[in-house]
Amino acid sequence: MRAVTWQKPGDVSVEDVPDPVLQAPGDAIVRITSTAICGSDLHLYEVLGPYMTAGDVLGHEAMGIVEQVGPGVTRVRPGDRVVVPFNISCGECWMCTRGLQSQCETTQVTDQGMGAALFGFSKLYGQVPGGQAEYLRVPHADYGLITVGADLPDERYLFLSDILPTAWQGVMYADVPEGGTLAVLGLGPVGQFAARIGVHRGYRVFAIDPVPERRAMAARHGVEVFDEGPEGIEAIKEATAGRGPDAVVDAVGMEAHGSPIARTAHQIVGHLPKAAGRKAMETVGVDRLAALHTSIELVRRGGTVSLSGVYGGTASPMPLLTMFDKQIQFRMGQCNVRSWTEDLLPLVEDAADPLGVTDLVTHRLPLEEASAAYALFQKKHDGCIKVVLEPSRR
């Protein structure tokens, strides 16, 4: 089959790789109809190179049609249309039964000291082949796969795989009071959905992003948008009686754009020999922390900062005096996708499209054009906000 493979930092290519096969009774093989490029894929594209191996199949946002199931699979069957959550969870362990599927004890990558295995996401998370491919093997298929209807287009459902539940969890963790205020930093795909979810839930939502096209998209959904810089911060504080919003969702994470020092650190770590690069990631602060520090500055005293953006350094400095003095609460973590499915499925199927899932994709390309698509998304050229790859399109 054809699949998007990581080759080296800043270089992915579409190659012939072996077709996936059933390896356990609970496996299913899914023929992929749509698969998206996520901001987290850009971390693999650049800074997480020390944890990647040339030929790794990328992708953790996918959906398609079940082609084959193992003898232990009873809930899904060939022909079912399904969405594949990005984390691989069993549904039966202590963590899964408490809604912490991202910490699944059955699939935890214990040799790396990490949580549940993820599709297409480096040695840190199990090195499981991902969904930017023609076919995908899905372990624990009975629990993991989300069965959806046949009538609506893929883009109604595709984002249930990651970014929509990630944004939903980010807003839930923000714990905004009824009728309260929420600020979202970063209007990439997760930030777009977090802001729209806030509006849907009746909050007054502010958002900050340096890219005009992203601000314009969010504004279409009732979000009050601001450019990056002190003027936006001051405007949000003024709109909240000088206190700051009740909660802030940081949807930026370790992205280094706009920070030459952090970008250089990412590039150095990404190109170090693998052992040295891993050591640097595990012991050195390499993240761009501007968004996180802005969240701490902006949120009101006694408010909540919810981290949806991914951070990778383990020695990143934090303003603990300010955090303590302002009595800030923090919530964070990989999304527990299956915990939110029942909340989100009616919303994506609603004819009114209250979360605007049909207003996110800016580029649809054949799988064969993945290399160009990664570069387009990484550089934010041509107004690129979200890319979907279609394996069947030539």
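Q: Is F193 buried or exposed in this model, and on what value does that rest?

A: The model is a predicted one. A residue is called buried when its relative accessible area is under 20%. F193 has a relative accessibility of 0%, and therefore counts as buried.

Q: How many aromatic pairs does the structure hold, and which residue is the partner of F193?

A: A search of the whole structure gives four aromatic pairs. In one of them, F193 is joined with F159. In the angle classes, stacked applies under 30 degrees and edge-to-face over 60, so the rest are tilted.

Q: Which other residues form a tilted aromatic pair?

A: F206 and F226 form a tilted pair, with 6.5 Å from centre to centre and 40° between the planes. This pair too links distant parts of the chain, with F206 in strand β9 (residues 204–208) and F226 in strand β10 (residues 224–226), 20 residues apart. Both F206 and F226 are buried.

Q: Over which rings do the charged ends of R331 and R338 sit?

A: A charge is assigned to a ring by the position of the charged end relative to the ring centre and the ring normal. The charged end of R331 sits over the ring of Y173, at 3.8 Å from its centre. For R338, the ring is that of Y143, and the distance to the centre is 5.4 Å.

Q: How is a nonpolar core to be read, and which residues touch the most other members of the largest one?

A: Such a core is a set of buried nonpolar residues joined through side-chain atoms. The largest nonpolar core has 75 residues, of which V4, L164, L182, V184 and L389 touch the most other members. A second, separate core comprises 19 residues, including I233, L292, V299 and I328.

Q: How many cavities of 30 Å³ or more are there, and what lines the largest cavity?

A: A cavity is a space in which the probe fits but from which it cannot get out. The count comes to one cavity of 30 Å³ or more. The largest cavity has a volume of about 50 Å³. Its lining consists of V84, P85, N87, I88, S89, F119, V138, P139 and G144. By class, six of these are nonpolar, three are polar and none is charged.

Q: Is E178 buried or exposed, and where does E178 lie?

A: E178 is placed in the loop between α4 and β8 (181–185). With 83% relative accessibility, E178 therefore counts as exposed. E178 and Y203 are 25 residues apart in sequence, and their C-alpha atoms are 7.2 Å apart.

Q: What is the volume of the second largest pocket, and what classes of residue line it?

A: The second largest pocket holds about 220 Å³ of space. Among its 15 lining residues, M1, P18, D19, P20 and P129 are the closest to its centre. The lining divides into 10 nonpolar, three polar and two charged residues.

Methods:
Residues numbered from 1 in each chain as written. Predicted model: local features only at pLDDT ≥ 70, side-chain atom pairs only at ≥ 80, totals over all residues. Heavy atoms only, no water. 1 Å grid on protein atoms, 1.4 Å probe; cavity = no way out; pocket = protein on both sides within 12 Å on 5 of 7 lines; lining within 4 Å. Points joined across faces, edges and corners; volume = space filled by probe spheres on them. Nonpolar A, V, L, I, M, F, W, Y, C, P; charged D, E, K, R; others polar. Phe/Tyr/Trp six-rings, centres within 6.5 Å; stacked < 30°, edge-to-face > 60°. Buried < 20%, exposed > 50% of the residue type's maximum accessible area, 1.4 Å probe, protein only. Helix = DSSP H or I, 4+ residues; strand = E, 2+ residues; numbered from the N terminus. Lys NZ or Arg CZ within 6 Å of the ring centre and 35° of its normal. Core = buried A, V, L, I, M, F, W, Y, C linked by side-chain atoms within 4.5 Å.
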